[in-house]
Amino acid sequence: MTNAIKCLNYIDGNWISARSHDRLESRNPANSQELVATFPRSSATDVDKAVVAARQAYKSWRTVPAPQRAEYIQRIGELLLQEKEKLARLMSREMGKVLTEARGDVQEGIDCAFYYAGEGRRLFGQTTPSELGNKFAMTMRVPIGVCALITPWNFPIAIPCWKALPALVCGNTIVFKPAKDTPACGTMLIEIFAEAGLPAGVVNLVHGSGKEVGRALLEHPDVDLVSFTGSSTTGAEVGETCGRTHKRVCLEMGGKNAQIVMEDADLDLALEGALWGAFGTTGQRCTATSRLLLHKEIKAEFTTRLVEQTSKLRLGAGTDSNTDVGPLVNSTQLKRVSDYLEIARNEGAKILIGGQVARGEELKNGYFFQPTILDDVTPDMRVAREEIFGPVVSLIEVNSFAEAIEIINDTPYGLSSSVYTRDVNRAFQAMRDIEAGITYINGPTIGAEVHLPFGGVKQTGNGHREAGSTALDVFTEWKTVYVDFSGKLQRAQIDNR
Ligand code: UN1
């Protein structure tokens, strides 16, 4: 057995224990007998220390020129690149995703670092003429203050980077709470931030549960902004508390993404896309394909081929290079997915393949669920409307393109969407009419790139977008500045009339 990593909090430039000496465990989901790490069970007291440090550091960090702040971000990118393999292997052990995908997750962090490092020399505002003579008008971005970043386990490097790197380049300081399932990844990321030489207090890490650490961050009067990625249920609580305590809040929540396959589609391509979208990361992406809307003319053939391809997927530990589909992250998720299968059966869906917890000597200590295809699903069923977050995809037959668009929009969510068609008119109608933050034409629902906005409509988000230049709108306020160089009082709307 490998030695478990002992994670600590990182506050004001020091690696320290929590006030309580209780520790929590992070285990390998492919083999729960393997303890990957232990981490502090922090409380409101530890959160307070971190917020105080972040507030203090903010005073000078906000005045460091952005191009200089960006040099730290550049360095973080270089260190991530150097540690890519090590981080990917740790991630695969800690949360189960297959190695190729874990490398992709780290790469997304690297891309993000180099993108936001460049932003240090942009952070553009606008200048515009004043309506008065000898007067100058402009806008500039100013930082917000102390940002609490609450992140999930499914992208343990990419998502914290999406949040932390734009926050930092904009001049904010941060308190980061990684998910309870990925404390070791969170720790290694912050080790890299520390190694990049960021001044003490600019980045702080507090481990623990949502109930204790998350809650304390939401309630803390000196936290100015909360950026949260997680379930819509928790997101609603986050939004409510931030509303009450007057914090800016950016919420990235659930999805019920669908891929439409029309009768004129390239079926080989659509099939490959469906397999990747539904079963990549064991379906544990907010962008995962959980519904396939299949035109009646191709449904039978597509389904037969999909079942055949699905039957070939190999389940196993993410660290094993033969594995296609890794475990679910923990026993709670395994139970959740199993419960949804029960719901599907009761609602009358037909299980074409899978539908069970996976058995087998190699799998017995892990949280493995068979890749599952449900047929005869109707849009009103719970499995067609609720986020499952596992390797389960529902097939829904559609008679026309118009019907496909209606059904794709018929969920409370609106993150990602996809259409496979060779008809350019349909492609443009889909871009216009699908209610989602992201639409792919002839590509699966997963695969967002860091320089474009990421986020969704309806119950998926609250109007913000992560990544790209849009993340700057999350992490800055606009300041409008007027400079009067006339040497006299000039009254707008009055003296120029
Ligand atoms: C998520 O599932 O929370 O587009 C993020 C994708 C990835 C990001 C997913 N680049 O699937």
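Mentor: Questions and answers follow in that order. This is a predicted model: local features need pLDDT of at least 70, side-chain atom pairs count only at pLDDT 80 or more, and totals for chains, interfaces and linings use all residues. Residues are numbered from 1 along each chain as its sequence is written, and side-chain values use heavy atoms, with hydrogens and water left out.

Trainee: How far apart do the C-alpha centres of domain 1 and domain 2 lie?

Mentor: The protein is divided into domain 1 (5-253 + 461-480) and domain 2 (257-441). These bounds come from an automatic or database domain assignment. Contact means heavy atoms within 4.5 Å, and 22 residues of domain 1 are in contact with 26 of domain 2. The C-alpha centres of the two domains are separated by 31 Å.

Trainee: How much space lies in the largest pocket?

Mentor: A pocket is found on a 1 Å grid over the protein atoms alone, as an open set of points where a 1.4 Å probe fits, with protein on both sides within 12 Å along at least five of seven lines. Points are joined across faces, edges and corners, and the volume is the space filled by probe spheres set on them. For the largest pocket that space is about 1,400 Å³.

Trainee: Which residues are the closest to the centre of the largest pocket?

Mentor: Lining residues have an atom within 4 Å of a point. The lining divides into 17 nonpolar, 16 polar and 13 charged residues. Of the 46 lining residues, the closest to the centre are Trp153, Phe228, Gly230, Ser231 and Thr234.

Trainee: Which element gives the most to the lining of the second largest pocket?

Mentor: The second largest pocket holds about 290 Å³ and is lined by 20 residues. With five residues, the top contributor is H4.

Trainee: Is Ser418 buried or exposed?

Mentor: Ser418 sits in strand E18 (residues 416-420). Its side chain reaches the backbone oxygen of Gly443 at 2.8 Å. Beyond four places in sequence, its contacts include Ala258, Ile408 and Tyr440. Buried means under 20% relative accessible area, exposed over 50%, partly exposed in between (1.4 Å probe, protein chains only). At 0%, Ser418 is therefore buried.

Trainee: What separation do the C-alpha atoms of Leu315 and Ala358 have?

Mentor: Leu315 lies in the loop between helix H10 (296-311) and H11. Leu315 counts as partly exposed because its relative accessibility is 21%. Leu315 touches Ala358, Phe368 and Pro371, among others outside four places in sequence. Leu315 and Ala358 are 43 residues apart along the chain, and their C-alpha atoms are separated by 8.4 Å.

Trainee: What is the relative accessible area of Phe389?

Mentor: Phe389 is in the loop between helix H12 (382-385) and strand E17 (392-398). Its phi is near 60°, a positive value in a residue other than glycine. Most residues other than glycine have a negative phi. Phe389 is buried, with a relative accessible area of 15%.

Trainee: What is the phi of Ala467?

Mentor: Ala467 falls in the loop between strand E19 (438-441) and helix H15 (471-475). Ala467 is buried because its relative accessible area is 1%. Although Ala467 is not a glycine, its phi is positive, at about 65°.

Methods: Helices (H or I, at least four residues) and strands (E, at least two) are DSSP runs, numbered from the N terminus. A polar contact is a pair of N or O atoms within 3.5 Å; within protein, one must be able to donate a hydrogen and the other to accept it, and residues adjacent in sequence count only if both atoms are side-chain atoms. Ala, Val, Leu, Ile, Met, Phe, Trp, Tyr, Cys and Pro count as nonpolar, Asp, Glu, Lys and Arg as charged, and the others, Gly among them, as polar.
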